[in-house]
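Grab a pencil and work through these exercises with the structure open beside you. Try each task before you read its solution.

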Amino acid sequence: MAVEDLVERRSIDVVPDDERHGTAFSQFTLWLGANLQITAVVTGALAVVLGGDVVWSAAGLLLGNLLGGAVMALHSAQGPKLGLPQMIQSRAQFGVRGAVVPLCLAILMYVGFFASGSVLAGQATAELTHTNDTTGIIVFAVVTAVTAAVGYRVIHALGRVAGVVCALAFVYLGIRLLDRVDLSAMLGDAHFDLPMFLLAVSLSASWQLAFGPYVADYSRYLPRATSGRATFWWTLSGSAVGSQWSMTFGVLVAASAGDAFLANQVGYVVGLGGTGLIASFLYFVIALGKLTINVLNTYGGFMSMVTGISGFRGRRTLSPRGRTAYIALIMVAGTAVALLGKDTFLTSFKDFLLFLLTFFTPWSAINLVDYYLISRERYDIPALFDPAGRYGAWRWDALTVYGVGILAQLPFLVTHFYTGPLVEPLGGADISWIVGLVAPAALYWLLARRKTPHVPDETPRALASARKA
């Protein structure tokens with residue numbers, strides 16, 4: 001394959017059938033590689049750092065990964081059917097221009113995840129390059145941006161490599177960790193605490209749900225005939241296995257290391273493996289794992305920015321120069337946040353994860369109810385690019401439901417800077433994400449099922465937007 005063939009030409013336009021390729025198994029390798037990484041380890045560790053025990057923290061994380069992973073995998077199954085990036089589909093629910101509301105929040109999410117990933121990867125990069133953390137963050141950010149600019153094929157290839165390399169490294173680190181800890185004592189110290197259990201569920205569920213706004217970006221090139229069920233299960237299994245593996249490792253590390261891990265997450269994990277060449281390899285593994293997920297965040301942020309702006313400008317395609325400019329904006333913003341927040345990473349990251357969930361559970365609920373229950377997988381794709389078309393410029397019913405979904409969660413939300421009034425009667429448990437899924441899903445279904453002029457008889461396949469950019 002020529003080098004120019006590796007560079008992706010498409011952005012938010014529909015992928016035509018003659019450019020589709022791959023199998024549903026590609027979703028397993030991508031999401032396994034994206035989740036076998038240090039930030040997932042830190043997410044699992046938070047369940048113990050904040051007061052949970054090993055057994056119930058791991059169980060809560062597993063439940064959250066399965067529940068949240070099922071939601072994100074339902075989004076993934078939309079990709080082969082429609083051949084569109086994930087957030088373009090939001091126009092069917094919110095209107096061609098109204099979709100800018102969740103899109104703006106999605107961009108903030110990508111910048112936040114880029115920043116949090118760059119903090120930890122920057123530490124590893126600094127060790128590899130014998131520089132300081134600031135230089136490491138900047139170097140890592142530039143490599144991420146260049147990889148994201150190349151696009152879809154390289155992103156999937158990176159996921160396959162990272163999946164194998166990081167899996168081998170985590171097996172080795174797991175063996176080294178078990179040599180150091182008294183696992184039977186940890187397992188014997190189980191004591192169920194509902195608020196701590198629900199916190200663990202929320203941490204992992206938010207981790208999975210945060211993939212929802214971009215997961216179909218990486219399944220949209222699959223052939224149209226690809227089974228939606230196969231896409232769902234390969235996505236869920238890759239994401240849930242990878243994240244649970246990393247998070248369980250984080251639970252054990254936090255339970256055994258305490259302050260030593262909190263002081264230097266990357267340094268402690270590498271120290272488990274050894275010194276010299278082994279340490280250098282593990283720093284490389286950490287940087288590779290973070291590169292995989294940060295490329296996804298950069299690519300997703302670029303897609304969301306193009307989608308939001310194109311709703312007002314009407315453009316469906318993007319020049320290579322424009323693509324580079326959007327990706328550079330994401331890189332600069334994420335790097336700035338990383339440099340500002342690198343000294344308060346752990347507390348800030350936990351609050352970021354849980355607060356982020358407040359905005360994306362209602363979006364997931366509305367998107368999935370509309371696609372699977374109201375439209376029944378049928379969208380008028382050309383109308384997604386026309387503010388005067390079937391979906392209109394703004395759909396105020398969906399935007400209202402979205403706002404209600406956000407507000408409904410606030411009484412149940414627990415973060416460092418805000419705690420809702422109904423948290424204490426529930427023993428301190430955070431169930432906001434459950435409310436954020438159920439309430440808007442039910443409300444949107446009740447409203448939309450009575451008024452369905454936006455639902456076509458079938459998904460049109462003759463698409464003017466399928467022309468090559």
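Before you start, keep in mind that this is a predicted model.

**Exercise 1. Work out how H14 and H15 are oriented to each other, and which residues make their contact.**

Solution. Let's start with a handy idea: two packed helices are described by the angle between their axes and the distance between the axes.

Step 1: H14 covers residues 265-273 and H15 covers residues 277-313. Their axes are 9 Å apart, and the packing angle is about 135°.

Step 2: Angles over 145 degrees count as roughly antiparallel, and 65 to 115 as roughly perpendicular.

Step 3: For the handedness, H14 passes H15 in a right-handed crossing.

Step 4: Now find the contact. H14 brings Val266, Gly267, Val270 and Gly273, while H15 brings Ile278, Ala279, Leu282, Tyr283 and Ile286. Sort these residues and you get seven nonpolar, two polar and no charged.

**Exercise 2. Do the orientation task again for H18 and H19, then sort the residues of their contact into nonpolar, polar and charged.**

Solution. 

Step 1: Find H18 at residues 396-409 and H19 at residues 432-448. The two axes come within 8 Å and cross at roughly 155°.

Step 2: The cut-off for roughly antiparallel is over 145 degrees, so H18 is roughly antiparallel to H19.

Step 3: H18 passes H19 in a right-handed crossing.

Step 4: On the H18 side, the contact uses Ala398, Val401, Val404, Gly405, Ala408 and Gln409. On the H19 side you'll find Ser432, Trp433, Val435, Gly436, Pro440, Leu443, Tyr444 and Leu447. They divide into 10 nonpolar, four polar and no charged.

**Exercise 3. Decide whether Ser118 is buried or exposed, and find what its side chain reaches.**

Solution. 

Step 1: Look in H7, residues 100-129, where Ser118 sits.

Step 2: Buried means under 20% relative accessible area. Ser118 has 0%, so it is buried.

Step 3: Follow the side chain of Ser118 to the backbone oxygen of Phe114, at 2.7 Å.

Step 4: Leaving out residues up to four places away in sequence, Ser118 touches Ile137, Phe140, Asn294 and Ala338.

**Exercise 4. Describe the surroundings of Gln93.**

Solution. 

Step 1: Gln93 belongs to H6, which spans residues 90-94.

Step 2: The relative accessibility of Gln93 is 0%, so this residue counts as buried too.

Step 3: Skip residues up to four places away in sequence, and Gln93 touches Ile366, Asn367, Asp370, Tyr379, Arg395, Ala398 and Tyr444. With Asn367 there's a polar contact between the two side chains, at 3.1 Å.

Step 4: Gln93 and Leu384 are 291 residues apart along the chain, yet their C-alpha atoms are separated by 10.0 Å.

**Exercise 5. Where are His130 and Arg376, and are they buried or exposed?**

Solution. 

Step 1: His130 is in the loop between H7 and H8, and Arg376 is in the loop between H17 and H18.

Step 2: Exposed means over 50% relative accessible area. His130 has 73%, so it is exposed, and Arg376 is exposed with 54%.

Step 3: Check phi. His130 has a positive phi of about 55° although it isn't a glycine. Arg376, a residue other than glycine, has a positive phi near 50°.

Key: Residues are numbered from 1 along each chain as its sequence is written. This is a predicted model: local features need pLDDT of at least 70, side-chain atom pairs count only at pLDDT 80 or more; totals for chains, interfaces and linings use all residues. Side-chain values use heavy atoms; hydrogens and water are left out. Axes are lines fitted to C-alpha atoms, for helices over the stretch in contact, and angles run from 0 to 180 degrees between N-to-C directions. Helices (H or I, at least four residues) and strands (E, at least two) are DSSP runs, numbered from the N terminus. Angles under 35 degrees count as roughly parallel, over 145 as roughly antiparallel, 65 to 115 as roughly perpendicular and the rest as oblique. A crossing is left-handed if the near helix is turned anticlockwise from the far one by less than a right angle, and right-handed if clockwise. Contact means heavy atoms within 4.5 Å. Ala, Val, Leu, Ile, Met, Phe, Trp, Tyr, Cys and Pro count as nonpolar, Asp, Glu, Lys and Arg as charged, and the others, Gly among them, as polar. Buried means under 20% relative accessible area, exposed over 50%, partly exposed in between (1.4 Å probe, protein chains only). A polar contact is a pair of N or O atoms within 3.5 Å; within protein, one must be able to donate a hydrogen and the other to accept it, and residues adjacent in sequence count only if both atoms are side-chain atoms.
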